[in-house]
Amino acid sequence: MVDVNVKCYLVPKESLSVEWMIKEIDLPNLQEITIGRGKEYGIMDLACSKEQLLLEADTAARMVKIRRVGRNPSILAGFPLEQNQVYIAREGMVLQITPEIVYTVTFEALQQNKRENEEKILPEVKKLAKKFTWSIIPSGTVITCMTNEVNFSLRKIAGFDLDGTLITTKSGHTFPSNDDDWKLWHSVVKNRLKTLVTEGYSLVLFTNQAQLEISSTSRKESFKKKIENIMNALDVPFMVLIATARDVFRKPAPGMWDYYISKTQGKIDINSSFYVGDAAGRVAEKQKKSDFDITDRLFARNIGVKFYTPDEFFLNESPRTFKDVDFHPQETSEEDYPELYIPSKPSELIVMVGSPASGKSYFARNILKPKGYIIISRDELKVWTKCRDKIISAISNQQNVVYDATNPDKESRKTILDVCLLKNFTNIRCFMMTTFEERCVHNNRFRQLVNNSNPVPHTAIITFGKRFEKPTLAEGFKSVVKIPFVPHFQCLEHEQLYKKYLLGRKK
């Protein structure tokens with residue numbers, strides 16, 4: 001039944017850099033409308049297409065379906081909208097049609113309607129709703145729990161991990177045996193959190209719980225009850241964010257933090273904010289074990305806040321020695337491609353050599369193909385015989401061609417060179433990607449996050465490294481050209497994400 005007493009609006013956020021008047025947009029219930037540049041909505045920004053977004057409000061569900069049809073980027077809750085993909089916006093979410101044109105999704109209900117809805121809530125459910133509000137953000141992979149006292153206007157954030165930080169197991173085991181196997185990490189935790197509240201901090205819990213993505217409904221409900229019990233024991237206002245998938249919301253990636261910041265509209269005192277977690281990369285010391293990972297420390301770096309371990313924050317202990325990661329994604333090389341001498345006359349075969357996720361396919365597709373090279377991809381054709389036949393056809397027709405495969409060792413490359421030798425074709429060059437292993441691992445994860453695709457198995461990258469033999473002229477190549485990894489991005493948001501830590505030590 002349609003809830004005619006609820007209205008949906010896009011309420012514009014004031015911007016000092018915008019010279020024109022942006023209008024509030026009324027979204028009619030269950031009717032798709034197009035929003036873009038024009039006088040109707042007061043949007044004059046040339047970064048907005050004339051037909052930028054399709055929106056359809058569902059006031060009963062209190063959500064708005066959004067699809068970007070324009071070629072220019074738009075952002076919902078801090079994340080880019082892929083073209084022609086449908087997204088769900090909830091109440092309070094920030095929609096950036098362009099960087100300067102910003103709206104908040106707003107629903108307005110009549111008081112009578114609110115009273116009628118409240119009367120429909122069962123007494124036991126109504127009692128629970130006074131304490132906790134559970135929801136799922138539009139991605140569907142983050143579960144949130146919020147106590148009624150949470151105040152999004154507070155500018156200082158105290159962020160915490162869950163296991164090993166706020167709680168530990170009663171059993172003494174590393175992992176809990178069930179959802180009742182927990183106790184507060186230390187007796188001082190509760191009072192320390194209460195002090196933070198009096199100091200004007202907003203308390204936010206960020207926890208990875210990937211197993212919940214494939215768990216049964218009863219298992220999820222049991223975990224939710226565990227969270228409620230923990231919140232009752234702590235007895236302070238808390239916002240809880242639970243990442244249930246291996247996506248951009250999983251620490252150390254900054255997705256959960258970005259989502260919370262979108263709720264505050266970015267009014268954060270970053271210098272006073274901090275994050276506490278036990279996955280800090282600490283090495284074994286006396287009676288203390290080494291940490292299982294370093295994801296919490298990397299998460300704090302990603303979001304730009306001070307980091308503490310539970311021992312440092314709750315017990316005022318001195319920092320322990322930790323082993324940092326060797327790879328830092330923000331340290332990108334300024335190196336560019338060398339002189340390639342393309343296209344070649346007479347025709348040539350270029351044999352690519354490089355690990356999965358080294359950038360070789362991007363290079364072939366975006367640098368060689370525009371110069372007239374035919375791409376023969378092992379990933380696409382799957383079997384060598386099909387690749388062989390296409391290589392023979394191309395060189396027989398005097399076409400420039402590139403064979404895109406990993407080709408890690410002499411044996412795999414000899415198979416290609418022997419085919420050319422039989423055809424008396426010797427104009428063959430090798431283009432070798434110089435991307436090192438940790439960068440490939442990072443690229444693989446980044447590609448998974450932005451393309452929402454399955455990553456190459458980590459073992460494939462490791463196996464390439466073990467099999468790799470540096471190509472030489474003695475194999476039969478006219479030259480071996482070293483190709484550096486040169487990152488290119490579709491938008492600023494992708495570049496910013498790429499320069500974040502996306503994985504801990506455990507891949």
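## Salt bridges and a helix: worked exercises

The structure holds 16 salt bridges. Keep in mind that this is a predicted model. Let's work through a few of its features together.

**Exercise 1.** Find which parts of the chain the salt bridge between Asp 179 and Arg 219 ties together, and decide whether each residue is buried or partly exposed.

*Solution.* Start with the distance: the closest N and O atoms of Asp 179 and Arg 219 are 2.8 Å apart. Asp 179 sits in the loop between strand S14 (167–168) and strand S15 (183–184), while Arg 219 belongs to helix H4 (residues 217–234), so the bridge ties together parts 40 residues apart in sequence. Last, check accessibility. Buried means under 20% relative accessible area, so Asp 179, at 13%, counts as buried. Arg 219, at 27%, counts as partly exposed.

**Exercise 2.** Work out whether the end-to-end span of helix H12 (residues 437–451) agrees with its number of residues.

*Solution.* Take the 15 residues of H12 at 1.5 Å a residue: the helix should span 21 Å. The expected span uses one less than the number of residues. Now compare: the end C-alpha atoms of H12 are 21 Å apart, which agrees.

**Exercise 3.** Describe how covered H12 is, what its buried residues pack against, and what follows the helix.

*Solution.* First, eleven of the 15 residues of H12 are buried, so the helix is mostly covered; among them are Cys 440, Val 441, Phe 446 and Leu 449. Second, the buried residues pack against helix H13 (458–467) and helix H14 (492–498). Third, Asn 452 follows H12, with a positive phi near 50 degrees.

Definitions and conventions
Residues numbered from 1 in each chain as written. Predicted model: local features only at pLDDT ≥ 70, side-chain atom pairs only at ≥ 80, totals over all residues. Heavy atoms only, no water. Helix = DSSP H or I, 4+ residues; strand = E, 2+ residues; numbered from the N terminus. Buried < 20%, exposed > 50% of the residue type's maximum accessible area, 1.4 Å probe, protein only. Contact = heavy atoms within 4.5 Å. Salt bridge = Lys/Arg side-chain N within 4 Å of Asp/Glu carboxyl O.
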